[in-house]
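I opened this entry to keep track of what I looked up, in the order I looked it up.

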Amino acid sequence: MSPGRVSVDMFSGREPPAWALTADEAQAARELVTSLPVGTQRMPDVGLGYRGFDVAWADGAHAKVYRDVVVLSQGERTVLYQDAGRKMEQWLLSGARSHLAPELFVALESQVQSP
């Protein structure tokens with residue numbers, strides 16, 4: 001198993017675009033998440049279209065990243081983080097560029113950047 005994996009939750013009834021993280025990327029992703037302040041805002045119900053990034057680490061931890069909310073879960077423990085600058089989402093979007101087909105990346109980028 002790779003050290004980490006990212007997928008984009010943006011399709012219904014179709015496999016999400018996904019890619020593996022290197023060990024350095026997986027570590028950087030975990031450090032970025034845990035450097036965020038703990039928040040209280042829950043993940044919004046977003047309906048169809050772009051619904052965020054999912055990050056899974058080899059140790060079983062999982063994060064859902066959508067706009068300014070990051071939910072990190074591992075085992076029974078779940079922590080909500082507030083990402084006011086959307087640094088994690090932007091970091092994941094940046095990483096997506098080299099893994100997604102150009103037209104898919106453009107569609108994702110426009111949805112991530114939309115207000």
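This is a predicted model: local features need pLDDT of at least 70, side-chain atom pairs count only at pLDDT 80 or more; totals for chains, interfaces and linings use all residues.

Residues are numbered from 1 along each chain as its sequence is written, and side-chain values use heavy atoms, with hydrogens and water left out.

**Entry 1: the sheet**

I wrote down the rule for pairing: DSSP must find at least two bridges between two strands.

In what order do the strands of the open sheet lie? The order is β2-β1-β3-β4-β5-β6, which makes 6 strands with antiparallel pairing. The edge strands are β2 (18-21) and β6 (77-82), and each pairs on one side only. Neighbouring strands are turned by 15° against each other on average, direction ignored. For that angle, axes are lines fitted to C-alpha atoms, for helices over the stretch in contact, and angles run from 0 to 180 degrees between N-to-C directions.

Is strand β3 largely enclosed or open? I found that 4 of its 5 residues (53-57) are buried, so β3 is largely enclosed by the rest of the structure. Buried means under 20% relative accessible area, exposed over 50%, and partly exposed in between, with a 1.4 Å probe and protein chains only.

Next I checked the largest nonpolar core, which has 31 residues. Those with the most contacts inside it are W19, F53, V55, W57, V70, M88 and L108. Such a core is a set of buried Ala, Val, Leu, Ile, Met, Phe, Trp, Tyr and Cys residues joined through side-chain atoms within 4.5 Å. In soluble globular proteins, nonpolar side chains tend to be buried together.

I took M88 as an example. Leaving out residues up to four places away in sequence, M88 touches A29, L32, V33, V55, V65, V70 and D83. Contact here means heavy atoms within 4.5 Å.

**Entry 2: the rings**

How many aromatic pairs does the structure hold? The structure holds 2. Y50 and F53 form one that is edge-to-face, 6.0 Å centre to centre with 70° between the planes. Y50 and Y66 form a tilted pair, 5.5 Å centre to centre with 35° between the planes. Y50 lies in the loop between α1 (23-34) and β3 and Y66 in strand β4, so this pair ties together parts that are 16 residues apart in sequence. For the cut-offs, rings of Phe, Tyr and Trp (its six-membered ring) pair if their centres lie within 6.5 Å; planes under 30 degrees apart are stacked, over 60 edge-to-face, and the rest tilted.

Y50 counts as buried at 5% relative accessibility, and F53 at 0%. Ring pairs link Y50, F53 and Y66 into a cluster.

**Entry 3: Q82 and D68**

Q82 lies in strand β6, while D68 is in the loop between β4 and β5 (69-74). Their C-alpha atoms are separated by 5.9 Å, although the residues are 14 apart along the chain. A polar contact of 3.2 Å joins the two side chains, and another of 3.3 Å joins the side chains of Q82 and Q41. A polar contact is a pair of N or O atoms within 3.5 Å; within protein, one must be able to donate a hydrogen and the other to accept it, and residues adjacent in sequence count only if both atoms are side-chain atoms.

D68 is partly exposed, with a relative accessible area of 24%.

Key
Helices (H or I, at least four residues) and strands (E, at least two) are DSSP runs, numbered from the N terminus.
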